[in-house]
Amino acid sequence: MKNIFASLLFVILTPLFVLSGPVKGFIIKGTIQGLETGAVTLAYRNEDGEDTTISSPVNAGKFVFTGQAPEPELARFTVQEGWPYSVTFFLENASINFSLVKNAPEKTQISGSSSNTVYERLQPQQLDFFDQARKYDAAHERAKWEHNKLLIKSTDSSWAVQQQKWVDAIRSTVAANRQNYAGLYFIQWLLFHPDNFDTILSLY
């Protein structure tokens, strides 16, 4: 199993490393409508591979971050003053724009990161999958406690359908974005579920 796992990682990662190219750094420019002053932070892994957090003041509703990331990665943006808000997004070495509206997280717009575009595309399915997972766990535990074999079978069957929907969503998105790091993030889930190895190999 370990050899299969390592081989799959090699197949997936090799083309991404080849295409990653030299590090040029990122610049994030953002605006927060309704928040004139305050502070924001960005937590990410820097060019030395170290977890780091940088901050920027908010002046006249605007903020700027600059830095370098070794590769596209999930980062955490947080408003530290004036509005309790944070969002996870895919950071990469590019010119990235944030457009936010205070107290309206649904209006958040992030552009300039191709990896984040793919990440956002799968976010609704991911959130639904996790919600279904919580419901399955609760229903399955209740059925076990009641020693209800029919209910256990029913919940397992329903969960199998939800898992397949999630796998299909990953497959279709990655197939259309084979060289995107966000696709690799979602493939991690498949890697830890051996039944899906054939799905991964069909994509690369």
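Reader: In the salt bridge where the side chains of Asp-168 and Arg-171 meet, what is the N to O distance?

Author: This is a predicted model, in which local features need pLDDT of at least 70 and side-chain atom pairs count only at pLDDT 80 or more, while totals for chains, interfaces and linings use all residues. Residues are numbered from 1 along each chain as its sequence is written, and side-chain values use heavy atoms, with hydrogens and water left out. Because Asp-168 and Arg-171 are three residues apart in helix H3 (residues 149–176), about one helical turn separates them, helices being DSSP runs of H or I with at least four residues and strands runs of E with at least two, numbered from the N terminus. Their side chains meet in a salt bridge, defined as a side-chain nitrogen of Lys or Arg within 4 Å of a carboxyl oxygen of Asp or Glu, and the N to O distance is 2.6 Å.

Reader: Is Arg-134 buried or exposed?

Author: Buried means under 20% relative accessible area, exposed over 50% and partly exposed in between, with a 1.4 Å probe and protein chains only. Arg-134 forms a salt bridge with Asp-131, the closest N and O atoms being 3.8 Å apart, and both residues lie in helix H2 (residues 114–145). Asp-131, at 26% relative accessibility, counts as partly exposed, whereas Arg-134, because its relative accessibility is 54%, counts as exposed.

Reader: Which residues are linked with Asp-131 in a network of salt bridges?

Author: Besides its salt bridge with Arg-134, Asp-131 meets the side chain of Lys-135 in a salt bridge at 3.3 Å, N to O. Asp-131 and Lys-135 are four residues apart in helix H2, about one turn of the helix. The residues linked with Asp-131 in the network are Arg-134 and Lys-135.

Reader: Which residue in E4 is the bridge partner of Gly-30?

Author: Gly-30 belongs to the covered face of strand E1 (residues 26–33), together with Phe-26, Ile-28 and Ile-32. E1 and strand E4 (residues 62–67) pair in the antiparallel sense over six bridges, where pairing requires that DSSP finds at least two bridges between two strands. In E4, the bridge partner of Gly-30 is Phe-63.

Reader: Which residue in E7 stands opposite Ile-27?

Author: Ile-27 is on the uncovered face of E1, with Lys-29, Thr-31 and Gln-33. E1 and strand E7 (residues 95–101) pair in the parallel sense over seven bridges, and the residue in E7 that stands opposite Ile-27 is Ser-95.
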